[in-house]
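Please look at the sequence and the model first.

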Amino acid sequence: MTTRIDLRSDTVTHPSPAMRRAMAEAPVGDDVFGDDPTVNALEVKAARLLGKEAALFVTSGTMGNLVSMMAHLPRGHEAIAGESTHTVTDEAGNHAVVVGAPIRALREQADGTMALRDIERAFSDPDDPHQALTGLVIVEQTHAHSGGRALPMQYIDDVARIAHDRGVPLHVDGARFFNAVVKLGVSPERLAAPADTVTFCLSKGLSTPIGSMVVGSAPFIHRARRARKLLGGGMRQVGIVAAAGLIALDEGEDGMIARMAEDHANARRLADGLAKLDGVISPGGIAQPEGTLLDPERAVTNFVIFSVARDRTAFLAALAARGVLMVPYNDGSVRAVTHYGVGAADIDRVVEAAAEALKTTEGTAA
Ligand SMILES: Cc1ncc(COP(=O)(O)O)c(C=O)c1O
């Protein structure tokens, strides 16, 4: 195998030629003064696309979630979120360290949702001084640990209703928001409508090199902008990177939203290929709790999560020796993520490489 096929994440994508051109030519200014026309255009575009009043360009998805929590949660207020979500497990405890907010982490079901009854019960009693006041509900869209599942529109509507009935806002960690838009076949505006605020990443399936957007009401974005400054995230001539975001969100042929359907088809192609291989098994956990064989139907967006009846480290090394990169994932599984730059022919090569890697590692302990 000559060229490397990197399926570790959709964060490994490189900017498209149109993005590179736009970046080279972007008009810029000092964004902390509000002077960068390209950033301003991107913020207007993101807000319009998701049907919100305002938007903020931030360095990363982690910063997007963090400034959102800072803008929503007074110190000591609590958020409700799924126990495997990025905000709970993969953001270095920033909710506790920086925001001063505990998270009430709820068990998730196989489809990535939290049971609505559990959410209802998780709200604290505002009259009980023992309990932190519930100040935010967070859902992850798509939901990574369940295998990149797109949380259904009805579920988001229901969670929003539960939160809003109690006077609490809903934040969507939409790192892969547009994968869900494409999968569910709804408009970005409809998917964002029940949420008060959404973070989405430009540097994952949308393939830009840097950045995420936070969208919400104008007063919320004003608070989030202050939080971004507090964290040292105010940037200067950052239109150079925002220019790639404008291309990613473009409705024309250079845009990156509609093409994510190819990533989903490629993930399914990969899952179909892997499921036929001797030694590929169910990933376990919430990605696929029961059964001994990989169920390809669970590859619904751009993630494929599976396990191998082999020593996982040896399998991944044997794959890497054949030019294919994947990563260890939760519950002893392996994760492959499809993205811009990986085509159907690459997927067929990946399946061949996996078959060989399974053969050479046969007999290693799982
Ligand atoms: C669901 C989810 N939320 C947030 C993030 C954070 O994004 P970033 O890596 O840009 O900080 C990630 C990154 O993988 C993610 O998967």
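Q: Which residue is the bridge partner of I281 in strand 10?
A: This is a predicted model, in which local features need pLDDT of at least 70 and side-chain atom pairs count only at pLDDT 80 or more, while totals for chains, interfaces and linings use all residues. Residues are numbered from 1 along each chain as its sequence is written. Strand 9 and strand 10 run antiparallel and are joined by two bridges, where strands are DSSP runs of E with at least two residues, helices are runs of H or I with at least four, and both are numbered from the N terminus. Within strand 10, the partner of I281 is S307.

Q: What is the order of the strands in the open sheet of four strands, and which strands stand at its edges?
A: The pairing in this sheet is antiparallel and the order is 9-10-13-12, two strands being paired if DSSP finds at least two bridges between them. Each edge strand has a single partner strand, so one side of each is left without a neighbour in the sheet, and these edge strands are strand 9 (280-281) and strand 12.

Q: Which residue takes a positive phi in the hairpin of strand 12 and strand 13?
A: Strand 12 (residues 327-328) runs antiparallel to strand 13, with two bridges joining them, and V327 has R335 as its bridge partner. The hairpin has five residues between the strands, and the residue with a positive phi near 55° is D331.

Q: Why does helix 11 count as largely enclosed by the rest of the structure?
A: What covers the buried residues of helix 11 includes helix 1 (17-25), helix 2 (37-49) and strand 2 (54-58). Helix 11 spans residues 239-248 and is largely enclosed because the number of its residues that are buried is ten of the ten.

Q: At roughly what angle do the axes of helix 8 and helix 12 cross?
A: F178, N179, V182 and K183 in helix 8 meet M260, A261 and H264 in helix 12, contact being a distance within 7 Å between C-beta atoms placed from the backbone. The axes, which are lines fitted to C-alpha atoms over the stretch in contact, with angles from 0 to 180 degrees between N-to-C directions, come within 9 Å and cross at roughly 80°.

Q: Is I162 buried, exposed or partly exposed?
A: I162 lies in helix 7 (residues 153-165) and, leaving aside its neighbours within four places in sequence, is in contact with L116, I119 and E120. With 19 C-beta neighbours inside 10 Å, I162 counts as partly exposed.

Q: Which residue in strand 7 does H171 stand opposite?
A: The open sheet of seven strands has mixed pairing and the order 2-8-7-6-5-3-4. Strand 6 (residues 170-174) and strand 7 (residues 197-201) pair in the parallel sense over four bridges. The residue opposite H171 is T197.

Conventions: A residue is buried if 20 or more other C-beta atoms lie within 10 Å of its own, exposed if 12 or fewer, and partly exposed in between; C-beta atoms are placed from the backbone. Two residues are in contact if their C-beta atoms, placed from the backbone, lie within 7 Å.
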